[in-house]
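Please examine the sequence and the three-dimensional structure shown below.

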Amino acid sequence: MTRPLSLNPDRLFPSDPTQRDIARRLYAEVAELPIISPHGHTDPSWFAGNAAFGNAAELLLHPDHYVFRMLYSQGVPLDALGIRNKAADPRESWRLFAQNYHLFRGTPSRMWMDWVFAEAFGIDVQFEAATSDLYYDLITEKLATDAFRPRALFDRYRIEVIATTESPIDTLKHHAVIRAANASGEWGGRVITAYRPDPVVDPEFEGFRSNLQRLSELSGEDALSYAGYLAAHRKRRAFFAEMGATSTDHGHPTAATADLTAAEAEALFARITGDQVSAADAELFRAHMLTVMAGMSLDDGLVMQIHPGAFRNHNPWLFDQYGRDKGADIPTSTDYVHALRPLLGKYGNEAGLTIILFTLDETSYARELAPLAGHYPALKLGPAWWFHDSPEGMRRFRNQVTETAGFYNTVGFNDDTRAFLSIPARHDVARRIDCGFLAQLVAEHRMEEWEAAELAADLSYNLAKAAYKL
Amino acid sequence: MTRPLSLNPDRLFPSDPTQRDIARRLYAEVAELPIISPHGHTDPSWFAGNAAFGNAAELLLHPDHYVFRMLYSQGVPLDALGIRNKAADPRESWRLFAQNYHLFRGTPSRMWMDWVFAEAFGIDVQFEAATSDLYYDLITEKLATDAFRPRALFDRYRIEVIATTESPIDTLKHHAVIRAANASGEWGGRVITAYRPDPVVDPEFEGFRSNLQRLSELSGEDALSYAGYLAAHRKRRAFFAEMGATSTDHGHPTAATADLTAAEAEALFARITGDQVSAADAELFRAHMLTVMAGMSLDDGLVMQIHPGAFRNHNPWLFDQYGRDKGADIPTSTDYVHALRPLLGKYGNEAGLTIILFTLDETSYARELAPLAGHYPALKLGPAWWFHDSPEGMRRFRNQVTETAGFYNTVGFNDDTRAFLSIPARHDVARRIDCGFLAQLVAEHRMEEWEAAELAADLSYNLAKAAYKL
Amino acid sequence: MTRPLSLNPDRLFPSDPTQRDIARRLYAEVAELPIISPHGHTDPSWFAGNAAFGNAAELLLHPDHYVFRMLYSQGVPLDALGIRNKAADPRESWRLFAQNYHLFRGTPSRMWMDWVFAEAFGIDVQFEAATSDLYYDLITEKLATDAFRPRALFDRYRIEVIATTESPIDTLKHHAVIRAANASGEWGGRVITAYRPDPVVDPEFEGFRSNLQRLSELSGEDALSYAGYLAAHRKRRAFFAEMGATSTDHGHPTAATADLTAAEAEALFARITGDQVSAADAELFRAHMLTVMAGMSLDDGLVMQIHPGAFRNHNPWLFDQYGRDKGADIPTSTDYVHALRPLLGKYGNEAGLTIILFTLDETSYARELAPLAGHYPALKLGPAWWFHDSPEGMRRFRNQVTETAGFYNTVGFNDDTRAFLSIPARHDVARRIDCGFLAQLVAEHRMEEWEAAELAADLSYNLAKAAYKL
């Protein structure tokens, strides 16, 4: 006996009838707005090649570390789930997911998945052990159809623009294909890149030195001298901008910034390109480069995103066996007030510069980030992010940030995902939660409903478009 | 076309009908209670001279760093707002405020301002670009009338007592004028001072050494010797108490306290009054003086307020151009458990001593402050403060503090403002939020309604009066 | 005139009617489930000897540091309450409690006490000064009856199993008596111990060296050599397991772990058993022993509990006068991500090992603990604990943990109390709060009601039973 699956039209709205009525009205006005996805990790080759996705496990299980980390935490081996194990039968892996679907109760993954099942694939029974094969077959079958190829899904979900993330040593060949398709009229989807220089900015990144050599080749500059290194960045940034990029993206372990003199910077660069790099030098170089990158953003207009605070690869055995991005990155306590002062002291008063800050340490919302963003013209706050991209996390963000930063020092929602079909699911959750938050303000007579309606559209669409210059 | 402005009588109450009904009943009993304002920064010259305020911008924009920091964060230049710029046309500055009033949606400033507009000035259209001049003219006109002079407003809003904050090197001449007016029957308003010794306790304060010289003159003691310095404090505290003070106020960067021997203290004093003061010595002297001040409070009965945790003047360019208190103070992570131990180890068990602690780091509410205040007889907690003096901030405070400290280790509300007309607005917000919080406890059957009614009066009036000995 | 006392059947449920209806239905299914109490501090001699409790103050005031710390914080002397003062008249102490009962408004103690008064003793008037003697007499009288002896109360409240906590140098003689009573059929109550080795693991514990000598005697190993020390632990763990223990319990000041080589460990052991122990060595030894204990748990199957983060005995005068556990332990900011890495790097991937983590620093819920427990197979999260074992604290726990760890990486509720009659009261609060939290998820259409019903039983009963192997 199976159980019915359907998406309640009032899901995620407050249950208080006054608030729910207001939330419904606000949401009705924004539900169909196009999606602006200014920060994420989808694979540009999908949109370049437009090849069909393979099967249910390949689309929904293998790329989603939110999903397999939870299964792993309850003792399901990654090998059995097909993570880095081609020998695993995807149908069997999918069954393990189905048998353990109760583990996701109360989590955002559950909401995103149910949305994908019901909305994207039109399935009307719940996902559980008994329906595992039915799901697997139905999804896999649909994926083979043209309507489920990447470009068709992009269009179906009204994605106005999506940004992927590439390193300076990426040739952006997939983006070139997409832009050619745009130019020829073959496909109209707007897919842009973002400049993520961590592999050539972080001396502790795997292959840092060979990354610099590759950077030299691609830029025609000697990226192993400090002057050439800066010139190479400028050239690659300009190339990325030509390919549509409007932003850069910096994923540092801490928010440390520094403002070294030219001589100090040159000496430091010599040390961090040498044979032995100390942890202190690596940190100082990353810190210095954030300030340098802010300066380049002031020059070339690229919006700067900073998201510090993850302890990467916390599980050494897992990292050895399965590599990075397998659910073992853990947030840490993060200071912003002292860390950002060198950068903000230099560039924070520039109204023409946009720096978007993210955090994995929610204690900084009310204490540090909202006060900083509510003062410095250059600073805005990214949305609740990664671990906190949940209904509760989004409510905590609004609850703690709004009093001091207001809504207009935030930049709307972004999905930050590599799970393609979760994009519309995530934006839908964010819009519903924001409408619910606004509904409470209206119900408590702290705002007029027409103001909330304006804000709902701003939070769903306008703010992201403006902040990211899209 | 203008939009109507009115204050909904149910504003800030929970929208759940059960809770709202209870909140209404609780609030009705406390709405008209007099205002106890035991901690704030109004200017005593207002009440001494009773001169009319100049115009709308001068009253409501220029002194309110909550307002102009938000405008600045969105790119509005401070010069254009008339901050330290006499050349700015106040009507034009006011227009910039009006055009950007949407930035304040969801913030407490919006609620306070609307209260001032509707309640104090009787305006019935919303504030926006189209009504900017109407507002400016109407407010400026009313300010010229006797009913809007400081003493009349003080009486109109049932302020029972207000404390200002002065440094030990202030002569309190305005307070003397007010007390003479009290004595002669010219005016009955009770305006008292509070002893804020930071300028002569913090070796890093601007003009520290010359402040000590001035302290010597005013006290007749040699404040450049340690013994004379302590004697000068005692004399000035006694003078402040004569002028009505019931409390002292200490705004340190951290909560560090120390308990040095007489010899250590004397040697440290010699160093911090010398030519070069190290950061460590400055911090140690501030720490030591908190303990010394607690000892003096035990002797002379002045209630001691400590509010640490702001990184002052975070924006160096702004500080150079516009000076302090321009919205660039940012809270930092603050430890209390280790920091306060020297002081609490010495005086924490004194039931006759009252130390009121504030924080800008809300993570300490449940973890450190409520456990400390729920144990030490000398310790009580100040309300949600500064950045957190918002509906959400007040709810977080009650939510996180009450379980361990109860209500009776807190001291009611204080407004902490230099924006005079926001005082009744802020107290009204606090009373409404507290009534809403109590209503939830009643609605969840955790408390009887008669108990909530007692508490509503305690939180609105009695606790502040008792804690501050007013 | 007295006021009526009764427990509202809807207490602690959300007041929103939709949520309340769901919460009622969920709670009805779990209200009568047996109590699993896998972590607490009741005295095994109660169940061994089954002697009657003495009087109201002795049962409800003297052992409850939640209660007397609040009274002390408001200036009531501990001597007058009979804390370590046999000269105090218990009836007079009880009157002080009654006169100050309003201090507990809004605290969990108030809810637990009212439950005990109304449910356990059947009292129908509220506790206040006027009813103090009535309460004292009635409670004291009932305590003299057989129905209020420890074993009868154990049975009355459907306690399926209770764990006490003993040190390795405890002989467990009371547990032996209880087990004999079980075996003979005299009494069926299941009372087990838990292995809490702090007195022989923490070099800074009072009497550490003599504790090691006692450990040698009890184990027949030379616990003053490192090899003998480890062997002694293994033997005592095995003995505790024979006496029913299924878990160990580690109450360290921080969460620091270390993984020393055998040679390093041996050298460290020599130092910490020497005459002078440095703070750094003491911390390193505690850190190392957590990893050692995890290894032993992998071998012998005992579940490992770690609860760091209390600054013990913060009040030196109070410690001198009244000793430990008098309400002066204060939580501190606690890092888990870096601190636990040595242990988790070594054993975190063991699906056969269960480590249950507690925290007094709620900032770690969403930032560190849920991400760690949502990844490592060996890790689960204990419930909101100690200071945070309140309705608000439990809601914060679910709100912040569920998004990333789900429900199934948590282990249900435990009461952690030495106040015997508060056990059923506390479990009732926890069940009500969890049902309310689940009701919100159902009301917001994030979960089906049948799933919530399954979860309500899991959170109330099944998860604790499974996690603790009971």
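Apart from its neighbours within four places in sequence, C:A351 is in contact with A:G75 and C:P377; two residues are in contact if their C-beta atoms, placed from the backbone, lie within 7 Å. C:A351 is located in the loop between α17 and β8 (355-357) of chain C, where helices (H or I, at least four residues) and strands (E, at least two) are DSSP runs, numbered from the N terminus. Because it has 14 C-beta neighbours inside 10 Å, C:A351 counts as partly exposed. In these terms a residue is buried if 20 or more other C-beta atoms lie within 10 Å of its own, exposed if 12 or fewer, and partly exposed in between, with C-beta atoms placed from the backbone. A separation of 9.8 Å is found between the C-alpha atoms of C:A351 and C:L298, which are 53 residues apart along the chain.

The model is predicted; local features need pLDDT of at least 70, side-chain atom pairs count only at pLDDT 80 or more, and totals for chains, interfaces and linings use all residues. Residues are numbered from 1 along each chain as its sequence is written, while chains are lettered from A and ligands numbered from 1 in the order in which they are written. The predictor assigns the complex an ipTM of 0.97 and a pTM of 0.98. For chain A the average pLDDT, the predictor's confidence in each residue from 0 to 100, is 97, and 100% of the residues score at least 70.

Helix α4 of chain B, residues 65-73, is mostly covered, with eight of its nine residues buried. The buried residues of α4(B) are B:Y66, B:V67, B:F68, B:R69, B:M70, B:L71, B:Y72 and B:S73. Which elements cover them? The cover includes α17 (364-373) of chain A, and from chain B it includes α3 (56-61), α5 (78-81), α6 (90-99) and α7 (108-120). After α4(B) comes B:G75, with a positive phi near 95°.

In chain A, an open sheet of four strands has the order β4-β5-β8-β9, with parallel pairing; two strands pair if DSSP finds at least two bridges between them. Its edge strands, β4 (247-250) and β9 (379-381) of chain A, each pair on one side only. On average, neighbouring strands of this sheet are turned by 25° against each other, direction ignored. Strand β8 of chain A (residues 355-357) runs parallel to β9(A) and is joined to it by three bridges, and A:I356 stands opposite A:K380 in β9(A). Across β8 and β9 of chain A lies α17(A), which runs at about 130° to β9(A). For such angles, axes are lines fitted to C-alpha atoms, for helices over the stretch in contact, and angles run from 0 to 180 degrees between N-to-C directions.

Further parallel pairing in chain A involves strand β2 (residues 159-163), which three bridges join to strand β1 (residues 35-37). Here A:I36 stands opposite A:V161 in β2(A). Two bridges also join β2(A) to strand β3 (residues 191-192) of chain A, again in parallel, and A:A163 stands opposite A:I192 in β3(A).

The chains themselves may now be compared. The copies use different surfaces, as 5% of the contact residues of chain C recur in chain A.

In the interface between these chains, 37 residues of chain C are in contact with 41 residues of chain A. On the side of chain C that touches chain A, at least two residues each come from α1 (17-30), α17 (341-347), α18 (364-373), α19 (391-405), α20 (422-443) and α21 (449-467) of chain C. The most is given by α18(C), with six residues. By class, this side of chain C has 14 nonpolar, 14 polar and nine charged residues, where Ala, Val, Leu, Ile, Met, Phe, Trp, Tyr, Cys and Pro count as nonpolar, Asp, Glu, Lys and Arg as charged, and the others, Gly among them, as polar.
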